[in-house]
Amino acid sequence: MRCGNVLVFVFLIVTATVAPTDGELFTALVDLQKLLHTEGEIIKSLHEYIDAEEQRIQTLKEHTKMYETMYHDAAEDSEKYLSNPMNAFLLIKRLSTDWKSVQKILTEENGRAVLQNITVERNDLFFPDDEDLSGAATALTRLQDTYKLNTAALARGEISGVRYSAELKASDCFELGRQSYHNGDHYHTVLWMQEALDRFVDETNKTTDKADILEYLAFSTFMQGNVRHALKLTHDLLEIYPNHPRARGNIQYYEDAISQTKRQKRGDDGDVPIESTIVERKVQANEELPEREIYEKLCRGETMMSDRTRSELKCRYVSNGNPFLSIGPVKEEEVYKRPWIVIYHDVMYDSEIAAIKEIATPRLKRATVQNYKSGELETANYRISKSSWLKSEDYYVVDRVSKRIGSITGLELKTAEDLQVVNYGIGGHYEPHFDFARREERNAFKSLGTGNRIATFLFYMSDVSAGGATVFPHLGMALWPKKGSAAFWYNLHRSGDGDLLTRHAACPVLAGSKWVSNKWFHERGQEFRRKCGLRLTD
């Protein structure tokens, strides 16, 4: 009884004193750097504890070895290590789910001092919370869907045929499946629990419980519509764990479901391959595809623009009548005619990029979207990134870059928004959206008093190893990040109506780190710089 009270007391100390991060770590890769420092301190503390606690030394050494191996791999090139989404997920898992296992060992009397030092007295250590782990798992499944990544290959640490990280253990796959289950995503639960089961069979030192895998797998298989295979998996579970508290009830439930649907075929023993629970999408012509599928095709680099459209595009040096640009014109590349979308090459220097990133990093906060009813800013799962806003009057480098944007576009800067700097995290993305406010969004930008967003100027501040394109689903066109370049387009027709063809998205970052910054121009002040047209679509 005394032991139980001690455990409860220590658990309350740990959970009450570890400051939660409210999902603020998985949304930007730059913040994950803090976790590596935390991991290093854990290693040091565990070594000190092992010396004083001989009875549990073997178990602690195993955990320590895991932390050390991953930490040293990351320390060689932390940015490269963290730019791999699988490594980022495993780092968060090690410091959340795996760390809880270590905490159980340390809650004994002799380990309390070590635990107190790590979780209470050290203000420089950061621990991910449940939202971080869930967000990281969701990001991986998002990447898996968007880029059609094979589950077994991902578990081997491979992305597009290249091995980027260590192989996952059965427990890692189980955790991905468990997170998917809690998110109500039974499709990915089946994929990852099946992979966990396959890896469990091959493991010499088991890292998870087969009964737990089978229970999750059976129910999610049932939810996917494959009742017979769910029934077989539950019978397998009962063989391992005859007194399982839910298995017999589930068997009865599945048998009743089969009887009701009357789908059991003659001679079928119920041993249905797991692949049959996965419904393949129908192949359709491009023009009939829903926006989501077009978006994903473009993210994967599939060409959807006609050769005729491409043949009409041109490149040129432009100065736009600006004296500054007459000395050094910019390189303009057309990427679409109507709407007019262009790329400007080499318009931000590496020194400017480094300075802006340094200024923005400590100010990064979870990116928000505007609620179209209330006009209030709020976070959303369809936009995963962190951003900060930099004023021209506060920083010389921001002012210089902003003036360059004004020179290139010829638009008025006084009514433009501050420079927004964005860093995308694990699988960071922004699903299809408009930059302008539609007619029903009456409260949008009301507080600014400068009208709608007339144009977007988007800087690419990093190269991205894989993924991260800006795509326009209605145009069948994608822009790929190139450090120092910038994209520009008008969001509104000359009539002031929104151009629906400018609907665009930021594809999930598959590998690498994506930094962008953008300047949004508003209608006020542009009356003589971009004159109104005579027709609705001018």
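Is Cys507 buried or exposed? Cys507 is buried, with a relative accessible area of 1%; buried means under 20% relative accessible area, exposed over 50%, and partly exposed in between, with a 1.4 Å probe and protein chains only. This is a predicted model, in which local features need pLDDT of at least 70, side-chain atom pairs count only at pLDDT 80 or more, and totals for chains, interfaces and linings use all residues. Residues are numbered from 1 along each chain as its sequence is written, and side-chain values use heavy atoms, with hydrogens and water left out.

**The disulfide**

Helices (H or I, at least four residues) and strands (E, at least two) are DSSP runs, numbered from the N terminus. The structure holds 1 disulfide, a disulfide being a pair of cysteine sulfur atoms within 2.5 Å. The torsion about the S-S bond of Cys299 and Cys507 is about -85°, so the disulfide is left-handed. Cys299 is buried, at 2% relative accessible area.

**Two further cysteines**

Select Cys315 next; this residue is exposed, at 59% relative accessibility. Then select Cys173, which is buried with a relative accessible area of 0%.

**Helix α10**

Of the 13 residues, 10 are buried, so α10 is largely enclosed by the rest of the structure. Among the elements covering its buried residues are α5 (85–94), α6 (97–106) and α12 (210–223). After α10 comes Gly184, with a positive phi near 75°.

**Backbone stops**

Move to Lys148, in the loop between α8 and α9. Its phi is positive, near 50°, in a residue other than glycine, and Lys148 is exposed, with a relative accessible area of 62%.

Phe445, in the loop between β12 (429–433) and β13 (453–460), is not a glycine either, yet has a positive phi of about 65°. Phe445 is buried, at 11% relative accessible area.

Finally, select Arg338 and Pro339: the peptide bond from Arg338 to Pro339 is cis, with omega near 5°. Pro339 is in the loop between β4 (330–336) and β5 (341–345).

Conventions. Contact = heavy atoms within 4.5 Å.
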